[in-house]
Amino acid sequence: MVMKVSGFAAHSATTDLAPWSFERRDPRPDDVAIDILFCGVCHSDIHNARNEWGGAIYPMVPGHEIIGRVSSVGAKVTRFKVGDAVGVGCMVDSCQHCKPCLRGLEQYCAEHSTLTYNSKDPRDGMPTYGGYSEKIVVTEKFVLKIPEGLDLAGAAPLLCAGITTWSPLRHWKVGKGSQVAVVGLGGLGHMGLKLARALGAEVTLFSRSPGKEADARRLGAHNVVISTDPAQMAAVKGSFDLIIDTVPMLHDVNPYLPTLALDGTLVLVGYLGPLDPMLNTVPLMMGRKSVAGSAIGGIEETQEMLDFCGKHGIVSDIEITSIKDINAAYERMLRSDVKYRFVIDMASLQV
Ligand SMILES: NC(=O)c1ccc[n+]([C@@H]2O[C@H](COP(=O)([O-])OP(=O)(O)OC[C@H]3O[C@@H](n4cnc5c(N)ncnc54)[C@H](OP(=O)(O)O)[C@@H]3O)[C@@H](O)[C@H]2O)c1
Ligand SMILES: [Zn+2]
Ligand SMILES: [Zn+2]
């Protein structure tokens, strides 16, 4: 048995997303069926839809910042009931028995977690389709509770942009007294500013865009450094315990290394692939500095982040869009012309 679902899909790397109807599994005993209300638009959706990372499975229904309401639950589901506000992020399943899974770090599952879209469900071999659609069916373990009081549309980007910046902030133990910098003020970057500030850190934005300074301060930055200005870069030499680099494209990471403090870490969460120019090890050795990477976050820490946002009233700054304007939204995102995340109102599928 399957259910018919409508959504928007990419049919190739070079064509616009277009309406598409497809099938999802009927809920299994451990599944939660969700009517989707909102879905954030992540830069990864563009990378995937355009096959910039390889491995695209078409037709592809992107979307992994999903907010909805539970429409039905399987017989074994205990944590959710019909009507609950819930979220689904980048993963919908994992092996649950490897070392990373047992540590609650399903994003690093040794057997590869099942991604929300552009993946195959290992249990039935069906492709996974994401949140640019009216409904989704997800095993209970990978469904998140949305704290009461949070704006549901604004909460959608927490499911990827939020957790991807939260996880390194927590892993590198950011708190009061920490010096944190974020590179790039986009979807991830603006959540990085908000979360680092709420954790008590002194926060700096590195941006190539001088026009974003006032927004950056409103979002939580104490300082803004224009990364293309050598004098501004030199002024923050030796400053940061943690730099979260969200830039989606190949870029030179070397200018940021001297700005790390002793034992500081620059964590790459944006660009995927070999660096060019290569890293200069001199500033790394001279101060025991690290360059690291980080992927989204585990389910437990995603719930921790959502609960923290509930307590502190943190949501994303969003622009609501119709699904019919998704291709224009992609183009605007590529020009950094969104403050600071598009969220699709899924009611627009029916209009
Ligand atoms: N690691 C993970 O698990 C994970 C999860 C989600 C997303 N991602 C990846 O993270 C990246 C960022 O995603 P996003 O949704 O935040 O993207 P976004 O909203 O497009 O923001 C990216 C920001 O990076 C800066 N930027 C863009 N192009 C640049 C360039 N050529 N050189 C220097 N800076 C540039 C811009 O900020 P300024 O104008 O301020 O410079 C821009 O606003 C994407 O590659 C995405 O795939 C990774
Ligand atoms: Zn994402
Ligand atoms: Zn695993």
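Which residues coordinate the zinc ion (ligand 3)? The legends below start there. This is a predicted model, in which local features need pLDDT of at least 70, side-chain atom pairs count only at pLDDT 80 or more, and totals for chains, interfaces and linings use all residues. Residues are numbered from 1 along each chain as its sequence is written, chains are lettered from A and ligands numbered from 1 in the order in which they are written, and side-chain values use heavy atoms, with hydrogens and water left out.

**View 1. Four cysteines hold the zinc ion (ligand 3).** The SG atoms of C95, C98, C101 and C109 coordinate the zinc ion at 2.3 to 2.4 Å (donors are N, O and S atoms within 2.8 Å of the metal, or 3.2 Å for Na, K and Ca). Their angles around the zinc ion span 104 to 119°, so the arrangement is tetrahedral (four donors with all angles between 85 and 135 degrees). Along the sequence, the donor residues follow the spacing C-x2-C-x2-C-x7-C.

**View 2. Polar contacts reach ligand 1 from G187, G270 and S336.** Oxygen atoms of ligand 1 lie 2.9 Å from a polar backbone atom of G187, 3.4 Å from a backbone N or O atom of G270 and 3.3 Å from a polar side-chain atom of S336 (a polar contact is a pair of N or O atoms within 3.5 Å). The protein covers 88% of the 920 Å² of accessible area that ligand 1 has on its own (Shrake-Rupley method, 1.4 Å probe).

Key. Four donors count as tetrahedral if all angles lie between 85 and 135 degrees; four count as square planar and six as octahedral if opposite donors are over 155 degrees apart and all others between 65 and 115; anything else is irregular. A polar contact is a pair of N or O atoms within 3.5 Å; within protein, one must be able to donate a hydrogen and the other to accept it, and residues adjacent in sequence count only if both atoms are side-chain atoms.
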